[in-house]
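Hi,

Here is the structure I promised to hand over. Please have a look at it first; my notes on what turned up follow below.

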Amino acid sequence: SSDETQGIFKATKEDYQKVYDEIARLLVDKDDYDDGSYGPVLVRLAWHASGTYDAATNTGGSNGATMRFAPEGDHGANAGLKHARDFLEPVKEKFPWISYSDLWTLAGVCAIQEMQGPIIPWRPGRQDRDVAFCTPDGRLPDASKDQNHIRAIFGRMGFDDREMVALSGAHSLGRCHTDRSGYDGPWAFSPTVVTNEYFRLLLDEKWGWKKWNGPAQYEDQSTKSLMMLPTDMALIKDKEFKKHVERYAKDSQVFFKEFSDVIVKLLELGVPFESKPEDRISFKVSDD
Ligand code: CCH
């Protein structure tokens, strides 16, 4: 008997576009949050769901959406991501056939595209898994560390130097919250638009330690309104990383292309797709 008669809903590309459109609509509708958008925190949810991947054991990654469960949801690195998960609950209610793991990654794609970023081709196929699949704490990066830590954490996922720098460009978006990570402030002047500003600021501004009682972070000396984490600053302290910071600062098109490719890879880590890369969907951006 067919899937149809068993009551299994086979979603089409058009169905996934409807989910995309609903998230995009809610992003506009619920603009009374942080800098006026849930976009950045949705990107962080997709990244933290995916960035638990360990290539050696093929565990973790976006397949499973195990951050729904207390052990993983309570990991220090995931503080504040409940805002993103709760934002998506009405979408899950409206489209109950989509898995949380597909929904969270699709939401990251939607947020990047709606914040004027590049198209991020995406495909479905993730299945939610139970609490037993929660990953151990410590798989996500620690902002107080240096380039060796960045290479250890992202190397474990299977990324090279170039990809690590491209991924870090996501910090053109959003901000740090004292009640989540303990750090404070945005990286860039336009935290709800995807740009290569993060790389330009890293190179062009003078950065000094912020004088405060919080965790060690940098502030720009001219306006004292922007921030960098120790791990961000490692990207210009390390010669190999810095080459890529310079490439992306110089050419926003190169950044957009390599950022898109590396986000596609991030969101697919460890997912046992039945579909092929050619089956990826390029969602249509909303017109405003
Ligand atoms: Fe990040 N990130 N991130 N980050 N991140 C934080 C916020 C965002 C690190 C630490 C932090 C990536 C890599 C790293 C986003 C996307 C990505 C915060 C503040 C810390 C701390 C959290 C808070 O207080 O709310 C470290 C360390 C690394 C690597 O070494 C990568 C990779 C991505 C995506 C591809 C986004 C977006 C935010 C903003 C979230 C918000 O709520 O505004």
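Let me start with R123, which is placed in the loop between α5 (100-114) and α6 (147-157). Helices here are DSSP runs of H or I with at least four residues, strands are runs of E with at least two, and both are numbered from the N terminus. R123 is buried, with a relative accessible area of 7%; buried means under 20%, exposed over 50%, and partly exposed in between, using a 1.4 Å probe and protein chains only. Its side chain makes a polar contact of 3.0 Å with the side chain of E268, and the side chain of R123 also reaches the backbone oxygen of S275 at 2.8 Å. A polar contact is a pair of N or O atoms within 3.5 Å; within protein, one must be able to donate a hydrogen and the other to accept it, and residues adjacent in sequence count only if both atoms are side-chain atoms.

A word on the model: it is predicted, so local features need pLDDT of at least 70 and side-chain atom pairs count only at pLDDT 80 or more, while totals for chains, interfaces and linings use all residues. Residues are numbered from 1 along each chain as its sequence is written, and side-chain values use heavy atoms, with hydrogens and water left out.

Now to the ligand. Its iron atom has H171 (NE2) as the only protein donor, at 2.1 Å; donors are N, O and S atoms within 2.8 Å of the metal (3.2 Å for Na, K and Ca), and sites may look incomplete since water is not among the atoms. H171 lies in the loop between α7 (161-168) and β1 (175-176). A polar side-chain atom of H171 is also 2.9 Å from a nitrogen atom of the ligand. Elsewhere, a ligand nitrogen is 3.2 Å from an N or O atom in the side chain of W47, and a ligand oxygen is 3.0 Å from a polar backbone atom of R175.

Around the ligand there are 23 residues, of which H171, G174, R175, H177 and S181 come nearest; a residue counts as near if one of its heavy atoms lies within 4 Å. By class, this shell has 14 nonpolar, 5 polar and 4 charged residues, with Asp, Glu, Lys and Arg as charged, Ala, Val, Leu, Ile, Met, Phe, Trp, Tyr, Cys and Pro as nonpolar, and the others, Gly among them, as polar. Helix α2 gives the most to the shell, with 4 residues.

Best wishes
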